[in-house]
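Morning, everyone. Please bring up the model on your screens, and we'll walk through it together.

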Amino acid sequence: MARPGYRLALIATALAVVVVLLGAYTRLTHAGLGCPDWPGCYGFLAVPMSEHKQNLAALRFPDAPLEVRKGWNEMVHRYFAGALGLVILALAVQAIRRRGQPGQPLKLPLLLLAVVIAQAIFGMWTVTLQLWPQVVTAHLLGGFTTLSLLFLLCLRLSGALAPLPAVDGRLRRFAGIALLAVVAQITLGGWVSSNYAAVACTDFPTCHGEWWPRMDFANAFNLTHHDIGPNYLGGLLYGEARTAIHVSHRIGALLVTLVLLLLAAMLMRRGLGRLAGLLIAALALQVGLGISNVVFNLPLAVAVAHNGGGAALLLVLVLVNYRLRQPAHATRQTEPASISNTTGQLDLPRA
């Protein structure tokens, strides 16, 4: 039976999915600076639409001409993110009020509240630092972290998943490694997005007709090379550095695919075919969307879906790790302490 707070956590998880997809849509439509200020837009709570307000916006931000469509893309994302923050605040307040009740998590809702506050700060820096790649990537990771923690909270409050039989530590450890591999690949995907390297290679499986094209890895992953100050809309790295980022993401995708297929095989050998099937389905979808991005030159719908596919794959790994780490069914009962041994003395429990 679901515990108190489950429905609210489910609503928050659905909102987090929408926020992640809207964030991807905002980046892909180059609307990250659709509003040059934060948290409003040209000094207003909404995108200025009247002639009077637009004239004021031009006076306030003469170097950032208003594009209404991009402004609304950014503000809709902020509205949903703000709503998500309020729901997470409600979850934290409920957890504090119900602390001490059986099965009521407290640390997880409070951690979620801390993460969403950090996300608001990164959202502000994304604008004020003009899409600085390090901040954009961190902001993307924060969104995925928020979604994952909310999904974990839903699992803990659902009360619907029966514990699995005892699982050996090797499988649990490998599932943890697989989760870290997916997180690393999502981070690399964020770096691709923040540096506008998704179309650095326009053919597949080769890049520029070569298996190993000219690449500049030193500048591609030199975090100190990206200075604070310039406007990073559209990216500032040149072709060979962007190619290095793109190819690295492809190599990462190949390695993650191998790791997840091995994990799926291990799950099936232990009779966990449903978890394995769910993992393979999410992996196949994400790989297909990634290839489609290259072959069809980054169509907007496919690119947004690729971000959603990454979130889905991450949630599947969260589910797998949660299921493998649930307390196993009890296999035996504790024996009474006062049992006579062969010497007639009592066997007392040892410390």
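Some ground rules. This is a predicted model: local features need pLDDT of at least 70, side-chain atom pairs count only at pLDDT 80 or more, and totals for chains, interfaces and linings use all residues. Numbering starts from 1 along each chain as its sequence is written, and side-chain values use heavy atoms, with hydrogens and water left out.

Domains, then. The assignment for the protein chain gives domain 1 (1-160) and domain 2 (163-326). Such bounds come from an automatic or database domain assignment. The C-alpha centres of domain 1 and domain 2 lie 23 Å apart. Across the divide, 25 residues of domain 1 are in contact with 30 residues of domain 2. Contact means heavy atoms within 4.5 Å.

Now the cores. A nonpolar core is a set of buried Ala, Val, Leu, Ile, Met, Phe, Trp, Tyr and Cys residues joined through side-chain atoms within 4.5 Å. Buried means under 20% relative accessible area, exposed over 50%, partly exposed in between, with a 1.4 Å probe and protein chains only.

The largest nonpolar core has 57 residues. Those with the most contacts inside it are Leu-260, Leu-263, Leu-267, Leu-279 and Leu-324. Which helix gives the most to this core? That is H10, with 11 residues. Helices here are DSSP runs (H or I, at least four residues), numbered from the N terminus. This core draws at least three residues from each of domain 1 and domain 2.

Zoom in on Leu-263. Leaving aside residues up to four places away in sequence, Leu-263 touches Leu-171, Phe-174, Ala-175, Ala-178, Leu-279 and Leu-317.

Next, H5 and H10. Their axes come within 10 Å and cross at roughly 40°. That makes H5 oblique to H10. Axes are lines fitted to C-alpha atoms, for helices over the stretch in contact, and angles run from 0 to 180 degrees between N-to-C directions. Under 35 degrees counts as roughly parallel, over 145 as roughly antiparallel, 65 to 115 as roughly perpendicular, and the rest as oblique. On the H5 side, the residues that meet H10 include Phe-144, Phe-151 and Arg-156.

Last stop: Thr-13, in helix H1. Is Thr-13 buried or exposed? Thr-13 is buried, with a relative accessible area of 9%. Beyond four places in sequence, Thr-13 touches Leu-147, Leu-150, Phe-151 and Cys-154.

Methods
Helix = DSSP H or I, 4+ residues; strand = E, 2+ residues; numbered from the N terminus.
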